[in-house]
Amino acid sequence: MVEPTRETRKRRSDSARAHIVWDWNGTLLHDIDVVLEATNASFAEVGIPPITLERYRELFCVPIPQFYERLIGRLPSAEEWAVLDSSFDRHYTARAEGVGLAEGAAAVLASWQEAGGTQSMCSLAAHERLRTTVARLGIDRHFVRIDGNSGDGVMRGKSDQMARHVAALRASLDGLDPARTVVIGDAVDDALAAAHAGARAVLYTGGSHSRSRLLDAGVPVVDSLAEAVVVAEELAGAIPTER
């Protein structure tokens, strides 16, 4: 697929008023290897055998307790959940400083902004930690809004959070149309959340789900963030402009 020139991208962005909502973990942040290490370390604390990346991608879902149910055949007890939740966070945090952006992420963010496009972030990562990490990686200037999880989003899923995010964007960005808003994420839950908010979705294969599971979501699936942006433009441009 040929990537449009900067001038073409700007014309499309201006005419279609596309807005991109980025997911964080597994999409812009390439942390899948650290997530797997932290998952297996937390499993060891409750006697669950380690899993491979392939099996993780086939089973992972939110809400997180459903992931554990798929893995061990039952929901974890309250005591097991408390250990898994706290130990995953501890092991992930211990490894997080070495995590960087996905390939091409910085360039894609800068290019979209330079072309006149707007973008924001909606993530189930803890809100304050999210903002701190985004600032540390030097990309916070690219987003008109950053919303992390400040409650029980990991337990409930992303749909309600995405609906609030898009509603807040509509209040702050003049003329933003949810139908021209495209969520770029790495999980089926991102596509479901986008649909719940009236937005479109593109799914990226570099994160938490296998390609086959992403294809089941019925939205475009891509192998790079640069391709994700191109497809997002095409999706937004396919919506007729109201006159």
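## Terms and overall architecture

A residue is called buried when its relative accessible area is under 20%, and exposed when that value is over 50%. The structure described here is a predicted model.

The protein chain contains 12 helices and 8 strands. Of its 243 residues, 51% are buried. Among the contacts with a separation of 6 or more, 67% are accounted for by residues 24 or more positions apart.

Helix 7 spans residues 127-136, and its buried residues are Leu-130, Thr-133 and Val-134. Viewed down the helix axis, the buried residues of helix 7 fall within an arc of 100°, and they therefore line one face of the helix. Their packing partners are strand 4 (118-126) and strand 5 (146-149).

The face of helix 7 turned away from the buried side carries Glu-128 and Thr-132, both of which are exposed. Just after helix 7, Gly-138 adopts a positive phi of about 75°.

## Packing of helix 6 and helix 12

In general, a pair of packed helices is described by the angle between the two axes and by the distance between them. For helix 6 (residues 105-114) and helix 12 (residues 225-237), the axes come within 9 Å and cross at roughly 30°. Because angles under 35 degrees count as roughly parallel, helix 6 and helix 12 are classed as roughly parallel to each other.

Helix 6 contributes Ala-105, Val-108 and Trp-112 to this contact, while helix 12 contributes Leu-225, Ala-226, Val-229 and Glu-233. By class, the contact of helix 6 with helix 12 comprises 6 nonpolar residues, no polar residues and 1 charged residue.

## Packing of helix 9 and helix 10

Helix 9 (residues 159-172) and helix 10 (residues 188-196) have axes that come within 8 Å and cross at roughly 50°. The two helices are therefore oblique to each other. The crossing of helix 9 and helix 10 is right-handed.

On the side of helix 9, the contact involves Ser-159, Asp-160, Met-162 and Ala-163, which meet Leu-192, Ala-193, Ala-194 and His-196 of helix 10. The residues in the contact of helix 9 with helix 10 divide into 5 nonpolar, 2 polar and 1 charged.

## Summary of the helix pairs

The two pairs may be restated by orientation. Helix 6 and helix 12 are roughly parallel, whereas helix 9 and helix 10 are oblique. The axes of helix 6 and helix 12 come within 9 Å, and those of helix 9 and helix 10 come within 8 Å.

Conventions: Residues numbered from 1 in each chain as written. Predicted model: local features only at pLDDT ≥ 70, side-chain atom pairs only at ≥ 80, totals over all residues. Heavy atoms only, no water. Axes fitted to C-alpha atoms, helices over the stretch in contact; angles between N-to-C directions. Helix = DSSP H or I, 4+ residues; strand = E, 2+ residues; numbered from the N terminus. Parallel < 35°, antiparallel > 145°, perpendicular 65-115°, else oblique. Left-handed = near helix turned anticlockwise from the far one by under 90°. Contact = heavy atoms within 4.5 Å. Nonpolar A, V, L, I, M, F, W, Y, C, P; charged D, E, K, R; others polar. Buried < 20%, exposed > 50% of the residue type's maximum accessible area, 1.4 Å probe, protein only. Arc of directions from axis to C-beta.
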